[in-house]
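Please look at the sequence and the model together before reading on. The report below is meant to be followed with both in view.

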Amino acid sequence: METIGKKRFWLLVLGLLILVGCRAPALPPEAVQADLKQEELRAAEAEVYLPEAYRAFRADLARVEAALAAECQRLFFLRDLRPMRGELADLVRRADALLTAVKIKQEERSHTLFRRAEVLQVDLDQLGRLSALLNEGRISRRSITHASLLLAEARQQLGRARYVQAETSLRKAETLGRLALEPLRALLERFIDAGNLARWHAWVEETIRESARTGGYAIVVSKINRRLQVYRAGAQLTAYDAAIGLNGFSPKQVAGDRATPEGRYRILKKKPASKFYRALLIDYPNAEDRRRFLEEKRRGLIAPGAGIGGLIEIHGGGVAGMTDGCVALENPSMTELFSMVGEGTPVTIVGALDGENVVARALREYREAK
Amino acid sequence: MRKVWSFLAVSVLVAFALTGCGSQPGQEMQTAKAAVDAVVADGGEKFAPAETKGVASALNAAMEEVKTQDGKFFKNYDKAKEMLAKAKSDADTLKAGLAAKKEQAKGEATANLSAASEAVKAAKDALSKAPKGKGAAADIEAMKGDLQGMEAALAEVQPLIDGQDYAAARDKAAGIKSKADEVSAAVAAAMEKMDAAKPGKKK
């Protein structure tokens, strides 16, 4: 010792200590695990499900990591990583608990979203049927189709456990579903409105009574059922399938609206040769139609230049399509009807015969499904 | 003199034994962690979720092994080093393959978008040639509505591609194509029916 000198010896020892002491410490495994857990929480969208707990976890992790970094700056023999390692191990356990809680929340959300998707599917199917029933494809099918595609997307996202994206798609689809329903609602509700049903019922009753009184024929057309009934002496003789206007379920307002009028009419003229096989011209517009037309015009509900229209017929040509407002039958049915009825025969056209019509049922189902 | 040098040599050996052979595989831990982080940063969760989870789990298992050895008096990190090397190698392999996976997913989404656009265009063309009789007007209008809905949905596909949500874009475009094909088929069937109904035509 004396040979090399005490001073030199202690310098060597100090050098050795500095060499070892300045070595960068290894990253504690708990720090890596805590980082991995944070990543797992992020991937599980913990920010969405448990935002406060997740943010608190991140803040605590950042604090401990900062403390760890500061501790690592110290010399080896002064360094004590144990408190940080302990805290990091606690954070890993906390992350596991958070992940379990997130999973529970995800399952709850998944269940809710699947249920919402099912309800929306029923709604869209029903809306599609109602749209077809009312022949209002042009105003609602865009929304229904778009909503169906978004619903399919939402289902795929649900299958991939991407609940946030699934909910976004589902919400958009639900909004479109509501948009699709709006234009149909006004039309649909006419067929369950008690006032309308009572008025239509009274017209039909009066028509049948007239047929009974005179012993003659009478025609009743139900737009919602697309059926034309023939009465003789107050009793139903026969009935045929019928087609109505493209906007047949709306009440006729103006010329060219392609709606079928509702009211009590009479056959004005029999046309044995018509563009649509044979035709029975009815006396639309009648006095009531004119009064209503003028009233609606006065109230600004009808454009000032609009006409009331006319040339409404019961004609042949088939029931496969839609007319411009007339009532169409299959040609054999038209042959029979044409041979039975004469000019002056009452023709009553109503929206529905009673409250138990197909729209009422569909609306009821729709509301029950909701 | 000799004694002193022997003492110093032993000290150095002991110090290295304590801090070297039995020390944590810090470097390996750092590189394995960096490799896993790189996979995540490159969108591993999106394009290879199961594999990404796998490499993260492997890294976590290696950390457990490090902790186990940390708790022992005679530490042996050989197994941990092997595990870390494997985790790193798997992560590197995964990362190297991610670009191809991403390209493939993007290619599929883009191809499906293109096919869906073509299908919608074809359906619109078919509809414009559909019989215009008043009987068919309602159906045509309804199908036009369908096509408008499809076009609206089609506009949502490109943003999904731009946001690298290729799987969603691919499936959405496929759904649109399928619906557009249905419209084309319905129009073709209607036209066929009309042709067959024409007098003098054989059914």
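## About the model

This is a predicted model, in which local features need pLDDT of at least 70 and side-chain atom pairs count only at pLDDT 80 or more, while totals for chains, interfaces and linings use all residues. Residues are numbered from 1 along each chain as its sequence is written, and chains are lettered from A and ligands numbered from 1 in the order in which they are written.

## Domains of the two chains

Chain A has a domain 1, covering 27-188, and a domain 2, covering 194-354, where the bounds come from an automatic or database domain assignment. Between the C-alpha centres of these two domains of chain A there are 57 Å.

Chain B is likewise described by domain 1 (2-100) and domain 2 (103-197). The contact between them takes 5 residues from domain 1 of chain B and 4 residues from domain 2 of chain B, two residues being in contact if their C-beta atoms, placed from the backbone, lie within 7 Å. On the side of domain 1 of chain B that touches domain 2 of chain B, α3 and α5 of chain B each supply at least two residues.

## The sheet of chain A

Helices (H or I, at least four residues) and strands (E, at least two) are DSSP runs, numbered from the N terminus, and two strands pair if DSSP finds at least two bridges between them.

Strand β1 (residues 217-222) of chain A is largely enclosed by the rest of the structure, because 6 of its 6 residues are buried; a residue is buried if 20 or more other C-beta atoms lie within 10 Å of its own, exposed if 12 or fewer, and partly exposed in between, with C-beta atoms placed from the backbone. On one side, β1(A) is joined by 6 bridges to strand β2 (residues 227-232) of chain A, and the two run antiparallel, with A:Ser222 opposite A:Arg227. These two strands form a hairpin with 4 residues between them, and A:Arg226 in the turn has a positive phi of about 50°. β1(A) also has 4 bridges to strand β8 (residues 346-350) of chain A, here in the parallel sense, and in β8(A) the bridge partner of A:Ser222 is A:Val350.

## One residue in a helix

A:Gln126 belongs to helix α5 (residues 82-134) of chain A. This residue is partly exposed, since 19 other C-beta atoms lie within 10 Å.

The buried residues of α2(B) are B:Glu28, B:Met29, B:Ala32, B:Lys33, B:Ala35, B:Val36 and B:Val39. They cover an arc of only 155° around the axis, so they are on the same side of α2(B); the arc is that of the directions from the helix axis to the C-beta atoms. On the other side of α2(B), B:Ala34 and B:Ala41 are exposed.

The partners against which the buried residues of α2(B) pack include α2 (29-43) of chain A and α4 (49-70) of chain B. After α2(B) comes B:Gly43, which has a positive phi near 85°.
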